Every structure is written in C-alpha cells, then in structure tokens.
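Hi,

Here is the structure I promised to pass on to you. Have a look at it first, and then read my notes below.

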Amino acid sequence: MSKYGSVVGVDISGEMVEHCRNIGLNALHESVLCSPFEDRSFDLVLCLDVLEHLPEEKPVLEELKRVVRPGGIIPGLRPGCQKFNQRPQYVTKNSMKILFLRQ
C-alpha cells in the first residue's frame, strides 16, 4: 500500500493494534470518536465493520468527515455478506448523506 502514500490503521482493540504492528503495519490504539489526526489529514478514510458496534453513527461519521480533506472519500461497509454472492450492506441512507458530504 505504501506506493499510494502513507497508511495508518486505528483500532480501539489493543490486541488488534498489536497484531497489526507485529505484521509490519502502522496502527494506533485509539477511538474513532476522538482520533489524534489534524483536520483534513487524509485523502481516503476507510471505515469497515465499525458503525454497527456503536450506539450512534453520527458522532463517528462527523469525526471521519473532519479528518478527510475536501473532495476526499469515506467509504463505509457493514458486515452481513455471509454468502459469496450477496452484495455488501452499506451504511444507512441517512449516514450516506453525511459520509459523502463535500466541504
């Protein structure tokens, strides 16, 4: 991935962060609700299998929006593709409005 620029992972699970670091990935033990990144730090913020674990989506989506640069992309995915031929279940219609809001 480094050929595309710098990549950093964030996870609230210390165990997962340690695993990532052990296999050579840059990972931080942080909450997605208060990331240590400056505003508009990223071209792409990938959010996979996170939103369904939270009581409210909006604070997380606002934080993701804060750290992505204007014109950047924030794709999100929810789990649920148990069968190979099933399509992914993307975030809710209301969430998508926030996710793809351009500044």
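**What I found**

Let's start with arginine 69, which is partly exposed because its relative accessible area is 33%. In these notes, buried means under 20% relative accessible area, exposed means over 50%, and partly exposed is what lies in between (1.4 Å probe, protein chains only). Before we go on, please keep in mind that this is a predicted model, in which local features need pLDDT of at least 70 and side-chain atom pairs count only at pLDDT 80 or more, while totals for chains, interfaces and linings use all residues. Residues are numbered from 1 along each chain as its sequence is written, and side-chain values use heavy atoms, with hydrogens and water left out.

**Salt bridges**

What does the side chain of arginine 69 meet in a salt bridge? The partner is aspartate 43, at 2.2 Å from N to O. A salt bridge here is a side-chain nitrogen of Lys or Arg within 4 Å of a carboxyl oxygen of Asp or Glu. This pair ties together distant parts of the chain: aspartate 43 sits in strand S3 and arginine 69 in strand S5 (residues 68-73), 26 residues apart. Helices (H or I, at least four residues) and strands (E, at least two) are DSSP runs, numbered from the N terminus.

The structure holds four salt bridges. Another one joins aspartate 39 and arginine 66, whose closest N and O atoms are 2.6 Å apart. That pair also links distant parts of the chain, with aspartate 39 in the loop between strand S2 (27-29) and strand S3 (42-44), and arginine 66 in helix H2 (residues 58-67), 27 residues apart. Arginine 66 has a relative accessible area of 25%, so it is partly exposed.

Lysine 65 pairs with glutamate 62, the closest N and O atoms being 3.9 Å apart. The two are three residues apart in helix H2, so about one helical turn separates them. Are these partners buried or exposed, or in between? Lysine 65 counts as buried, because its relative accessibility is 16%, whereas glutamate 62, at 32%, counts as partly exposed. Salt bridges with shared partners also join Asp39, Glu63 and Arg66 into one network.

Arginine 40 has a positive phi of about 55 degrees, although it is not a glycine.

**The core**

Which residues make up the largest nonpolar core? There are 11 of them: Phe37, Phe42, Val45, Cys47, Leu51, Val60, Leu61, Leu64, Val67, Val68 and Ile74. Such a core is a set of buried Ala, Val, Leu, Ile, Met, Phe, Trp, Tyr and Cys residues joined through side-chain atoms within 4.5 Å. H2 gives the largest share of this core, four residues. In soluble globular proteins, nonpolar side chains tend to be buried together.

Apart from neighbours within four places in sequence, leucine 64 is in contact (heavy atoms within 4.5 Å) with Val32, Val45, Cys47 and Ile74. Leucine 64 and valine 32 are 32 residues apart in sequence, yet 7.9 Å apart in space, C-alpha to C-alpha.

**The whole chain**

The protein chain has three helices and six strands, running β-α-β-β-β-α-β-β-α from the N terminus. Of its 103 residues, 24% count as buried.

The predictor's confidence in each residue is its pLDDT, from 0 to 100. The mean for the protein chain is 76, and 71% of its residues reach 70 or more. Where is confidence lowest, and where is it highest? It is lowest in helix H3 (residues 93-99), at a mean of 44, and highest in S2, at 95. Over residues 81-103, pLDDT stays under 50. Where pLDDT is low, the predicted coordinates should not be read in detail.

Happy exploring!
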